[in-house]
Amino acid sequence: MIEVRWHSRAGQGAVSGAKGLGDVVATTGKEVQAFALYGSAKRGAALRAYNRISDEQIFNHAKFMHPDFVLVIDPALAFTDNIEVNEKDETKYIITTHLSKEELIAGIPALAGKEDRVYVVDCIEISLSTIGRSMPNAPMLGAFVKISGMFELDYFLENMKRVLAKFPQKIIDANMEAITRAYNEVK
Amino acid sequence: MAVKYDLNEREVWDGNFAASQALRQAQVDVVVAYPITPSTPIVENYGSYVANGYIDGEFVMVESEHAAMSGCIGASASGGRVSTATSSQGFALMAEVLYQASGMRLPIVLNVVNRALASPLNVRGDHADMYLGRDSGWIQMGAFNAQEAYDLALCAFKIAENHDVRLPVMVHQDGFITSHTAQNVYPLTDEAAYNFVGDIVPVDDMLDFSRPVTYGAQTEEDWHFEHKAKQHKALMDSRPIIDEVYAEFEKLTGRKYNRVESYDMEDAEVVIVGLGTTVETARVAAKELREEKGIKAGVVAIRCFRPFPFDQVRDALEGAKAVAVTDRSSPGGAMGAFYNEVAAALYTTESRPLVTNFIYGLGGRDFSIEEAKRIFIEQKAHADAGHITTDIQQFSGLRGPHLGYFQTKRG
Amino acid sequence: MQDLKLKANENRGLHQLEAGFDLLGWDEVTQGSVLPSFEGDATGIAGLKAEERDYSHHNSYTATVASWRVKKPVFNIDVCIDCQNCWVWCPDSSILSRDKQMLGIDYDHCKGCEVCVEVCPTNPKSLLMFSEQEDLETALSQWPEKKKKEKK
């Protein structure tokens, strides 16, 4: 079982991101779960979304998890939310930021000493220059594909095209570019 | 003729989407709705299927849930296949009309996405609304995940519209925990799904002009009791037909449903009895405890909350030593309603297991594997001691000092 | 004697409402307390007059509430102008009228409320209340004369 926790703000697409990820993962024959902790959240309110990925049917419906991956798609939440809550020794962090990894870790005491499992990528900048607005979910998927090693990039892109099929071609292309850039730029 | 909808063999759907797909495949004639969180997408999707030609039906927006169920009654009495969805406050406002629907024996399918009742206001899942429907004369079935929300919605039409049943059916799913959690769902083809449900064959329909009928008669003390008794008998008599529909569904899909579900119960000594998603989380806990501590833990789930499977609950649990009945609804000055029903069934057994009551998960409070394990371990302590060692009713997962009531007079 | 069964079929007012039909057991009552209005195939029944319809025993047509009355309205065809005011106002559909010709009262369903008398515009009135036991001829023989307008 792989467990993923997204830290996001309502409107940034973490829920869609988690569902999109689930959708693609399911095509590999795995069982998935994608859900979010939000209710009457307004755009901009902090929220958490979650994925579970398993070879067998997933029966656990708890929100509680010890995540294998923590995906932070809002730069400020890395500082203000408890992104390290319920972490494991091997939990990997992918954080969107314009800072370098060293600068980021210096600013977040909870990440001190975790240099080898903290990864940074500027999903905001990537989405602005590809999709044209701040939609950091798609680039985060690209970064996750790279860091998790769960898929080949091409396989993921092909399947994401199917997930996004209801959108105009222009938007699909922009998302593909965003995913690819983040895949290449995460470090 | 409806437009073809492209389906994959394996979809990733949340419970709401799954339920709305069942409505599409059953080709529901009329949905009358006043959408409310978290059930909104069910009727919203139905509306879009109608607008895009995937369903030859009618979506009617009204001004309240009271009107929504009233409209469903009109459409159903006219002979159509009818469904809607609601939650929480909407369910409460609908309550008066629920009794009308069941009293008139109208086969409406209501998708209830369970949510807490205010005050304080809360949009998340607990079973307060479901409990509010427990005396309404509807068949109530519970889905524990998105797949089941889909499967049971299809079964619901077939059960409701069966001429030996002719009762409205609620299909419950947990707000957000099921309704907004995307999971793998394996749908039927449109053809297989529709063939399973079949055409609706109306009874006493108001559009049959060769046989005009009156709905909504007044019956005072000389007639009312007989009508309510007949209605109760119809509910009780629906049990074998529900079983038949489940069996037919298994033949089609391999997915087997039972009015009472038992997991790891062959040799179980300690048991959690639950409803909704809690059941599946508790199953994980039972499995892990068996491996980690050798505790013989099992789970019993009520799939069909109404008609209440008194006999099957008894059969499932009489071999257990200690049973925790979990109520996800504020008990309002009593033991949990579900506890009372299970305890009453167990009182008529020889073994009379020790039964305690946990109030948990209100307003969507998370129910974790760890919490389920803690409950199992407490049951083990009761079983070992031969009597209940804690308060009979306890609040679980609550902040602040321990809250519990009543101690045993046995042992 | 006035026609107590004016424009009635043989089922009209068969049974007292209070007594109802035989009180049935729970196993015999209709499903969902749904009540069919007619016996047999009722296709096209909207085009038939009440006395031509085969009402079922569930329909109030077959029940009588005549005993509820203390006084009854009596209709005087000689004064009536067929304005249909009584037909419009009668709360129990007990004014019998065909082709806008006032015919009389359905005494199985009239409860003696006197609304028809109240709304009758003729001078003297074409409907007046008499005691239940008064026969038609006696009643008509007591009909008042036209009132003269009082000079102001």
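Trainee: What is the sense of the pairing between β10(B) and strand β12 of chain B, and over how many bridges does it run?

Mentor: This is a predicted model, and in it β10(B) and β12 (residues 297-302) pair in the antiparallel sense over 4 bridges. One pair of facing residues is B:S262 and B:V300, the latter in β12(B).

Trainee: What makes these two strands count as paired?

Mentor: A pair needs at least two bridges between the strands. β10(B) and β12(B) have 4, so they count as paired. In general, strands of a sheet pair through backbone hydrogen bonds, either parallel or antiparallel.

Trainee: Why is β10 of chain B called an edge strand?

Mentor: The sheet is open and has 7 strands, in the order β10-β12-β11-β14-β15-β16-β17 of chain B, with mixed pairing. β10 (260-263) and β17 (404-405) of chain B each pair on one side only, and these are the edge strands.

Trainee: Which helices lie on that sheet?

Mentor: Among them is α10 (residues 310-317) of chain B, which lies across β10, β11 (270-274), β12 and β14 (322-327) of that chain and runs at about 10° to β10(B). Helix α12 (residues 369-385) of chain B also packs on the sheet, where it touches β11, β12, β14, β15 (354-360) and β16 (393-396). The direction of α12 of chain B makes about 130° with that of β11(B).

Trainee: How do you know whether chain B agrees with a compact globule?

Mentor: For 411 residues, a compact globule would have a radius of gyration near 22 Å. Chain B has 21 Å, which agrees. Its secondary structure comes to 12 helices and 17 strands, and 56% of its residues are buried.

Trainee: Into which domains is chain B divided, and how far apart are their C-alpha centres?

Mentor: Domain 1 takes in 11-208 + 220-253, and domain 2 is 260-405. The C-alpha centres of the two domains of chain B lie 28 Å apart. Across the boundary, 27 residues of domain 1 are in contact with 20 residues of domain 2. On the domain 1 side, α5 (128-132), β6 (139-142) and α8 (224-253) of chain B each supply at least two residues. α8(B) gives the most, with 5 residues. By class, that side of domain 1 has 12 nonpolar, 10 polar and 5 charged residues.

Trainee: Where is B:N258 found, and why is it called partly exposed?

Mentor: B:N258 is in the loop between α8 and β10 of chain B. A buried residue has 20 or more other C-beta atoms within 10 Å, and an exposed one 12 or fewer. B:N258 has 17, so it falls in between and is partly exposed. Beyond its neighbours within four places in sequence, B:N258 is in contact with B:Y246 and B:R303. B:N258 and B:C304 are 46 residues apart in sequence and 8.0 Å apart in space, C-alpha to C-alpha.

Trainee: How many residues of chain C are in contact with chain B?

Mentor: 16 residues of chain C are in contact with 20 residues of chain B. The chain C side has 9 nonpolar, 6 polar and 1 charged residues. Strand β9 (residues 213-214) of chain B and strand β2 (residues 35-36) of chain C pair in the antiparallel sense over 2 bridges. There, B:V213 has C:P36 as its bridge partner.

Trainee: What makes chain A as compact as a globular protein of its length?

Mentor: Chain A has 7 helices and 6 strands. Its radius of gyration is 15 Å, close to the 16 Å that the globule rule gives for 187 residues, so chain A is as compact as a globular protein of that length.

Trainee: Why is strand β5 of chain A described as largely enclosed?

Mentor: 5 of the 5 residues of β5 (residues 92-96) of chain A are buried, so the strand is largely enclosed by the rest of the structure. A:K92, A:I94 and A:T96 point one way, and A:Y93 and A:I95 the other way. In a regular strand the side chains alternate between the two faces of the sheet.

Trainee: Which strands are joined to β5(A) by bridges?

Mentor: Strand β4 (residues 69-72) of chain A runs parallel to β5(A), with 4 bridges, and A:F69 stands opposite A:K92. Strand β6 (residues 118-121) of chain A is also parallel to β5(A) and joined by 4 bridges. In β6(A), A:V120 is the bridge partner of A:I95.

Terms used:
Residues are numbered from 1 along each chain as its sequence is written. Chains are lettered from A and ligands numbered from 1 in the order in which they are written. This is a predicted model: local features need pLDDT of at least 70, side-chain atom pairs count only at pLDDT 80 or more; totals for chains, interfaces and linings use all residues. The radius of gyration is taken over C-alpha atoms; the globule rule is 2.2 Å times the number of residues to the power 0.38. Two residues are in contact if their C-beta atoms, placed from the backbone, lie within 7 Å. Axes are lines fitted to C-alpha atoms, for helices over the stretch in contact, and angles run from 0 to 180 degrees between N-to-C directions. Domain bounds come from an automatic or database domain assignment. Ala, Val, Leu, Ile, Met, Phe, Trp, Tyr, Cys and Pro count as nonpolar, Asp, Glu, Lys and Arg as charged, and the others, Gly among them, as polar.
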